[in-house]
Amino acid sequence: MDMQSDFDRLLFFEHARKTAETTYATDPLDAENLTRWAGALLELSQFQSVSESKKMISDAISKLEEALEVNPQKHDAIWCLGNAYTSHGFLNPDEDEAKIFFDKAAQCFQQAVDADPENELYQKSFEVSSKTSELHAQIHKQGPLQQAMGPGPSTTTSSTKGAKKKSSDLKYDVFGWVILAVGLVAWIGFAKSNMPPPAHPLPR
């Protein structure tokens, strides 16, 4: 992903977050808006430090829980909740604590599949959820996850750049199926609500 497309995504989802926040002020029981808000927060969390990312993911989880209180059958919110738990688990270096989040995520993905058995995205998420603990171990073997989070400095030695690139590539391998899918859902959701599209298409 080049810097321009990352910047465009950042602007788009920040606008999406603010739009959802405004909508929430007038209609706090709009489950669709709460789900879109959470999706935007999950996207924005990828541009933050680990601590800030955790805060955004926790905020997204609370929004999704609100959405499910309004509509317990909203399977896309259940699926997004699974993604939020997955992301939170990967940011937690402790394997046992991470597994708690991964188990919650797997339950959410199973519920989403049960609610919409033909949805390939839900099926894939549930399938990949069985590998999260293994992926978690691989990620944290690479060193501090902080290296893979947020924008890095532009002036570094070539060896540090190589390490950062490897760490960042691994992060995108793991988060890619979660984050890009959530982003696509949020993007479609906001497009339906007549929000202007980003200047450039989201990366696929």
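Predicted model: local features only at pLDDT ≥ 70, side-chain atom pairs only at ≥ 80, totals over all residues.
Contact here means heavy atoms within 4.5 Å.

Helix 1 spans residues 3–26, and helix 2 covers 31–45. Helix 1 contributes Arg 9, Leu 10, Phe 13, Glu 14, Ala 16, Arg 17, Ala 20, Glu 21, Thr 23 and Tyr 24 to the contact, and these meet Asn 33, Leu 34, Trp 37, Ala 40, Leu 41, Glu 43 and Leu 44 of helix 2. Sorted by class, the contact of helix 1 with helix 2 holds 10 nonpolar, 2 polar and 5 charged residues. The axes of the two helices lie 9 Å apart, at an angle of about 150°. Because angles over 145 degrees count as roughly antiparallel, helix 1 and helix 2 are described as roughly antiparallel to each other. The crossing of helix 1 past helix 2 is left-handed.

The largest nonpolar core is made of 28 residues, and Ile 57, Ile 61, Leu 64, Trp 79, Leu 81, Ala 84 and Tyr 85 have the most contacts inside it. At least two residues of this core come from each of helix 2, helix 3 (50–70), helix 4 and helix 5. The greatest share is that of helix 4, which gives 8 residues. Another core, of 6 residues, lies apart from the largest one and includes Phe 12, Phe 13, Ala 16 and Leu 44. Of these, Phe 13 and Ala 16 in helix 1 and Leu 44 in helix 2 also belong to the contact between those helices.

Helix 6, residues 120–129, packs with helix 4 at an angle of about 30°, the axes being 11 Å apart. Angles under 35 degrees count as roughly parallel, and helix 4 and helix 6 are therefore roughly parallel to each other. Helix 4 makes a left-handed crossing as it passes helix 6. On the helix 4 side the contact involves His 75, Asp 76 and Trp 79, and on the helix 6 side Leu 121, Tyr 122 and Ser 125. By class, this contact of helix 4 with helix 6 comprises 3 nonpolar, 2 polar and 1 charged residues.

Helix 6 also packs with helix 5, where the axes come within 9 Å and cross at roughly 150°. Helix 5 and helix 6 are therefore roughly antiparallel to each other, and the crossing is left-handed. Ala 106, Phe 109, Gln 110, Ala 112 and Val 113 of helix 5 meet Tyr 122, Gln 123, Ser 125, Phe 126 and Ser 129 of helix 6. The contact of helix 5 with helix 6 has 6 nonpolar, 4 polar and no charged residues. Tyr 122 and Ser 125 in helix 6 meet helix 5 and also meet helix 4.

Two single residues complete the picture. His 75 lies in helix 4 and counts as partly exposed because its relative accessibility is 26%. Beyond four places in sequence, His 75 touches Ala 112, Ala 115, Asp 116 and Tyr 122. His 75 and Phe 109 are separated by 34 residues in sequence, with a C-alpha to C-alpha distance of 9.1 Å.

Asn 92 sits in the loop between helix 4 (75–91) and helix 5 (95–115). Buried means under 20% relative accessible area, so Asn 92, at 7% relative accessibility, counts as buried. Setting aside neighbours within four places in sequence, Asn 92 is in contact with Lys 54, Glu 97, Ala 98, Phe 101, His 136 and His 140.

Methods. Residues numbered from 1 in each chain as written. Heavy atoms only, no water. Helix = DSSP H or I, 4+ residues; strand = E, 2+ residues; numbered from the N terminus. Buried < 20%, exposed > 50% of the residue type's maximum accessible area, 1.4 Å probe, protein only. Axes fitted to C-alpha atoms, helices over the stretch in contact; angles between N-to-C directions. Parallel < 35°, antiparallel > 145°, perpendicular 65-115°, else oblique. Left-handed = near helix turned anticlockwise from the far one by under 90°. Nonpolar A, V, L, I, M, F, W, Y, C, P; charged D, E, K, R; others polar. Core = buried A, V, L, I, M, F, W, Y, C linked by side-chain atoms within 4.5 Å.
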